[in-house]
Amino acid sequence: MGDQIDGLIDELTLAEKVSLTHGAVDPDGRATGYIPGVERLDIPPLGMVDGPLGVRIPGESSTAFPAPLALAATFDVDLATEFGTALGRETRGKGQDVLLAPGVNLIRVPNNGRNFEYFSEDPVHAAAFSAAVVEGIQSMDVIATPKHYVANNQERERASIDVQVGERALRELYLPAFEAAVDVGAGSVMTAYNTVNGTRMSDHDRLINTVLKGEFGFEGYTVSDWFGTESASAAVNGGLDVEMPGISMEEMVAPMAEDDGEASADDGGVEAPTDAMSDDEEEGETMPEEVANGMPDPETCERFAETLADAVEAGEVPEERLDDAVSRVLGQMDRVGMFDGDRVEGDVDTDAHRDLTERVAARGTVLLENDGILPIEEDADVALIGPNVDEAILGGGGSSETSPVVESVPADAVAERADGDVDVVRGLPRVVGVSLMDYLSGDTDLEPDGEVAIDAATDAATDAEVAVVLARDVATEALDRESLSLPDRQDELIEAVADANDRTVVVLNTSGPVETPWREDVAAIVENWYPGQAHGDAIAAVLYGDHDPAGRLPVTFAPEATYPTADERRFPGVDGQVHYDEGVFVGYRHFDRIESQPTYPFGHGLSYADFEYVDASIDGETATVTIENVAERDGREVVQAYVRPPAIDGIDRPERELAGFAAIEVPAGERVTAEIDLGSRAFARYDDGDGWTVDSGEYVVEIGRSARDSRLERSIER
Ligand code: GLC
């Protein structure tokens, strides 16, 4: 097709070429990003939709998958490929061509409002899931769009913040998930809103042209985040290929507003988001100021449609650069079969996808504590408590919002699964999530309902054999969490219930780390993340032992003040700049360095089974490990391999770094031997002068269950 594309470019007029480099209004009002194509030359339109948790089209439903953080907690890359394949199948099933996923930014800040959309605090773990999900999506003739390139690690002032970050941290932490996506052929990469070291990411010649397209060999097209550009010529010369959405905010929001039964934007019947962002109360529901601070300003974006052709004719943008951008877009359209018509049909809300949502939600569940109370005895009488027990926690707010066909709520699913009595008491008013899409469409009825009834909850707990409390946090795009504490008196509810019944289980549905001040007072703690549409069935299966909670923490849980970003200069930043002064010491790397014991370390997770580490050997870049399950029930173990480098004067390296991992089924009483690929950079560090460097010396490979639970060690010389 290369020659055919070259031929097409030769035939395209300048105006037609420009039309292939920016968004336009989708006449069907379904695609979030839309390039109309060129009918004269049989170039079809290109439809782009969000997102990482499922396909979002205003007024339509599709599978609401668990949050990517829950997927990452499985440490099972084969499952991640299956997850991506299902996302791709639903994208095609909805007649779209591009999925604006996966989100692959590193989890640097525990408060980040979008952590639920991402994979990990560790770059090797994040890269493995980035590649697996991209491969799955693209196996369905869909263009994946790993995002947001790069160092978009907070939502506060995301459209204006300048990230001051060193090259080594970029190379070792923030770039690997994008590099891995490119290595498996990602067809698109979305640039971030923020600037990096003073240059806007959509214009970043070094990080886009030199690194992404040059060093990494990226052959697809780069697309801006929505309203994430400024000067058209600076962006195109900097390596940006496509500007989105290319239309006004009012035009973009109109389909959502119509979906909510609101008047369409063009008759002024709905507040345009710029109005919605205003503090003008009489126009009805408006977006809170703190959320608006995380939104882009559409007025700062120069439209490619209005200025790019002139820039080319004026010689500001070489036509060869425009041709390259168009060639990249057409090349990806060809790669997914949009020219020859031979494409995967796709499907939505299949039984297999419904099953997958439960498997991922259950497998990604992390058993943080268990005194033996879990799994719950079948015939136990249970008090099921929590302000949101009657709803499925689908995800967080923002462009990743989903709308499932079916959903399973804990109150019904536990009642159905249990043989004993189940007494359901909410105990508090509903903890209400934030829907950015509702704010944008002007349809916000996000009001808590219910009343404070902690006494009713403690009475139910007193009368039950087991008390189960479900608690959630609230997270959304465009806003970071004010604190890591559970909101709205949930800690108080948990403490009161634990006082009433010492057989209390806490189930957390959160977007990332949370404080657990009551952990010494409860019998078990389960982290169930944002589980999606299968919430109820998945948590019932874990609580009653149908699924082994095989999740392991993809992020460290620790007291908020102990994270490396606790300092204002490091998060949210001062005077418009955020300083990544911690360098590569993010997550467990940091806690090792300050010799602080986190509440629950990276990689931590208990099991209903019991594993012994029998033997390990290292051959080159492969670790071979034998595990025995000495319990009487099958289980899944996540074997983790960390590398401890030699101490070398003047070189400040993390004490240990994850090199590889394997999630394995181990039947009761049996041994399983697994191979772990330690990766080509397992022993390397990035040197600002020499690039990737392996220092000579003795390296210790730790094989174990978490960053703080090494079971076997093997030394090798490099
Ligand atoms: C949003 C998000 C991005 C999303 C895009 C389209 O601002 O940052 O993740 O894909 O716009 O909705």
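In this predicted model, 4 strands form an open sheet of mixed pairing, ordered β1-β2-β3-β4, where strands are DSSP runs of E of at least two residues, numbered from the N terminus, and two strands pair if DSSP finds at least two bridges between them. The edges are formed by β1 (33–35) and β4 (143–144), each of which pairs on one side only. Strand β3 (residues 98–99) runs parallel to β4 and is joined to β4 by 2 bridges, with V98 having I143 as its bridge partner in β4.

The ligand is surrounded by 14 residues, the closest being D50, R114, H148, Y193 and D225, a residue being counted if one of its heavy atoms lies within 4 Å of the ligand. This shell divides into 4 nonpolar, 3 polar and 7 charged residues, with Asp, Glu, Lys and Arg taken as charged, Ala, Val, Leu, Ile, Met, Phe, Trp, Tyr, Cys and Pro as nonpolar, and the others, Gly among them, as polar. Oxygen atoms of the ligand lie 2.6 Å from a side-chain N or O atom of D50, 2.9 Å from a polar side-chain atom of K147 and 2.7 Å from a side-chain N or O atom of H148. Of the 310 Å² that the ligand exposes when taken alone, the protein buries 94% (Shrake-Rupley method, 1.4 Å probe).

The average pLDDT (the predictor's confidence in each residue, from 0 to 100) is 94, and 96% of the residues score at least 70. Over residues 261–284, however, pLDDT stays under 50. Where pLDDT is low, the predicted coordinates should not be read in detail.

Residues are numbered from 1 along each chain as its sequence is written, and side-chain values use heavy atoms, with hydrogens and water left out. Local features need pLDDT of at least 70 and side-chain atom pairs count only at pLDDT 80 or more, whereas totals for chains, interfaces and linings use all residues.

Conventions
Contact = heavy atoms within 4.5 Å. Polar contact = N/O pair within 3.5 Å; in protein donor to acceptor, adjacent residues only side chain to side chain.
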